[in-house]
Protein chains: 4
Amino acid sequence: MSRAATAAATREKVLAAARELFITSSYDDVKAADIARAAGVAHGLVFHHFGSKQGLYREVLCAIGREVLDLHVSDPAVPLGKRIRQSHRAHLTYLLAHRDLALNLVLRPWGAEEPFDRVRDDGNRKLCENLGLDFERPAVRAVLRMYTTAADQLARDHLLDAHPFDVDQVVEMLMTVLAGALRAARVADPSLEVDRVLDELARP
Amino acid sequence: MSRAATAAATREKVLAAARELFITSSYDDVKAADIARAAGVAHGLVFHHFGSKQGLYREVLCAIGREVLDLHVSDPAVPLGKRIRQSHRAHLTYLLAHRDLALNLVLRPWGAEEPFDRVRDDGNRKLCENLGLDFERPAVRAVLRMYTTAADQLARDHLLDAHPFDVDQVVEMLMTVLAGALRAARVADPSLEVDRVLDELARP
Amino acid sequence: MSRAATAAATREKVLAAARELFITSSYDDVKAADIARAAGVAHGLVFHHFGSKQGLYREVLCAIGREVLDLHVSDPAVPLGKRIRQSHRAHLTYLLAHRDLALNLVLRPWGAEEPFDRVRDDGNRKLCENLGLDFERPAVRAVLRMYTTAADQLARDHLLDAHPFDVDQVVEMLMTVLAGALRAARVADPSLEVDRVLDELARP
Amino acid sequence: MSRAATAAATREKVLAAARELFITSSYDDVKAADIARAAGVAHGLVFHHFGSKQGLYREVLCAIGREVLDLHVSDPAVPLGKRIRQSHRAHLTYLLAHRDLALNLVLRPWGAEEPFDRVRDDGNRKLCENLGLDFERPAVRAVLRMYTTAADQLARDHLLDAHPFDVDQVVEMLMTVLAGALRAARVADPSLEVDRVLDELARP
DNA sequence: CATGAATGAGATTTCATTCAT
DNA sequence: CATGAATGAAATCTCATTCAT
């Protein structure tokens, strides 16, 4: 193993330890010393590789964001309604399988973490592509941001057992809310064509 | 002025100073000492009256929550569509008039602050009464929580000039999203009757 | 004992402990924690009273500076030559009696410690008054600063046993160097009248 | 280029970078990593070549000390008064041309830096040779140390514009103070013959 | 010779909270 | 009620130095 590879491995070790801890405890409750200890490295190494605790946190967040993004189905061969439903189900399943991670890191509001916002916007952009809409149009962007936030809220309540619905029901609720959001986009920007999308979304 | 009145006045002074500070700075950035200094009282008084910094914060939050709640129109004489629209407009106008307060204290996600959640639930309950729906039904509760979160997101973007829509457009977008949320409630709970409400909401 | 008096007493305790430590160890080697422990108070109290370790250090330095200043004899009834000699002897005796204090805190160069410089200037001003010269004249100021530095150097060497001269010899050497410095002032500023002073200084 | 030559060149690169940094920042503010970066070499190399940060600092200091020493004129053909004046002028000119270097590295008190003290003693020894005096005699050594310190003080004030005198005036002031110092040596050690030297110094 | 990853001891300062007066 | 002195735990980040490659 080369020097560089060893270093990279150490970096990963720290990253993994940090992820583990940030999932189970809040940012403030996780101490840099804890991370170093969990990773089995010297205290200072955390800062050598990531500059600051914040920097390390950001990296963890981004890594998770990318993982979540990759869950989405974008195969154009699959009909739109099915595609979106599959994506949603995959997303929800992932969150259920990683409950703490979801509650503590993923399902946080817009604006709470700068770098994560970008990941979220990437998610919306992907959704937009699937829907055949232009994310650069303010109305589209605005309602998708609303929708994502609302979906996170429903997912959060789901994880907290705040309501009794199963995954399939949740997915259908999301589809309906998404439809409402798209109609809201047309309200703000009448030139927007959403009927066809609404049609396709309606078909499971 | 009686002993008790003086005490109450002091309490208010601290509360006002705290509110001012929590509006402009984050919770962690506001120090108990800052509040005491701003209020012109002894450091220890903050704890004398409010037990802890958290306790004081909660009081500030609740006071604001109550103010916001009181903005809502519940006059049954006003047609439903108009009533909800007026409430929304009043709410948005208030947030615009208190930008920092809105961004830093009001428009935070569910779960961020325990006591504020209750206020928010109260708001949803009020909305429910207006809509003639039963907040205790899980489907209703779930979609209203989604809706509120989504509405906050749109308001936040509005305050941050992230989109170009005016207050009237925002209100109409919200109405449309609310309609979508109600349909989503029916999806989860088919026994739910929402057609009449949807009808009334459609009429401005 | 009143509240304020207790507080002042505590402050003094910290100050005394700090002085003790700064005399025997270098600034960097003295830890804030050491001072608190030595004073028998909580760690945080140091900062409550002095703001920072630097602030505390400055106070210690100033207190010592004032003590040293008070050693000087300014009784006009005493002939000038005798007066200066007595002051020098008192100064040297003090430094010898407080060897570490002298070497570590007093005999440091101009510019090493901002607040101490002011004290030193005060000392020179006092010397000036004794000599009947105007400290505001650049030539006077410049040579007195030279002289003070040189005197500190000789004192330092004396404390370090770098030369075999006794206090009386050292005092006479200083008188001679002071005479040289005054002549140097006249070189820079020929309008300066120093002959009478030189005359008086020559008489013990 | 041979292996050894490359190594020497690298060493020089580090030395030059260190000098640059120590001139503009204080010892504590210069980090070993800064030096390595500025020199464009690996962090560890600093220690490879110089053992420690202190060691590197010492080398920088000595190099500068030697440069300053070489400024002094010792040509016996030049009359003493002229020789000393030329040396002083050269010294001052050098300090003026390297202001930060002078203030931060050269014009520091005796005892501040072990290795530099030796250089300073070398300087005094040289001066002694010029003056035809024996540096090993305590009185001579003592007053020359005083004189050097005083001269540094005047130079420091000069660099800081603390007085309005030009280089020629400063040189003459120094000559006068030097004369005073020599007389002080005779005070401490009456067997010392300084009249001839004083005579020669008086003639420019 | 050169590299830079790894070490790990360490210190200042902050601040919520308490409590004697 | 009001005061503000006193407490003391705690945590981030720094940095000289080492050493395996």
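Start with one pair. Arg145(B) and Asp157(A) join their side chains in a salt bridge, 2.7 Å from N to O. By salt bridge I mean a Lys or Arg side-chain nitrogen within 4 Å of an Asp or Glu carboxyl oxygen. The rule finds two salt bridges across the interface of chain B and chain A.

A word on the source. This is a predicted model: local features need pLDDT of at least 70, side-chain atom pairs count only at pLDDT 80 or more, and totals for chains, interfaces and linings use all residues. Residues are numbered from 1 along each chain as its sequence is written, chains are lettered from A and ligands numbered from 1 in the order written, and side-chain values use heavy atoms, without hydrogens or water.

Now the interface as a whole. In contact (heavy atoms within 4.5 Å) are 31 residues of chain B and 31 residues of chain A. The buried area is about 2,600 Å², and carbon and sulfur atoms give 74% of that. Buried area here is the accessible area, 1.4 Å probe, lost on putting two parts together, summed over both.

Which elements of chain B give two or more residues to the side touching chain A? They are α8 (138-159) and α9 (167-188). Helices are DSSP runs of H or I, at least four residues; strands are E runs, at least two; both are numbered from the N terminus. The largest share, 13 residues, comes from α8(B).

Last, chain A. UniProt, in an unreviewed entry, places "domain: HTH tetR-type" at residues 8-68. That stretch is 80% helix and 0% strand. Its end C-alpha atoms are 23 Å apart.

Notes: UniProt positions are given in the numbering used here, feature names are shortened, and annotations may be inferred rather than shown by experiment.
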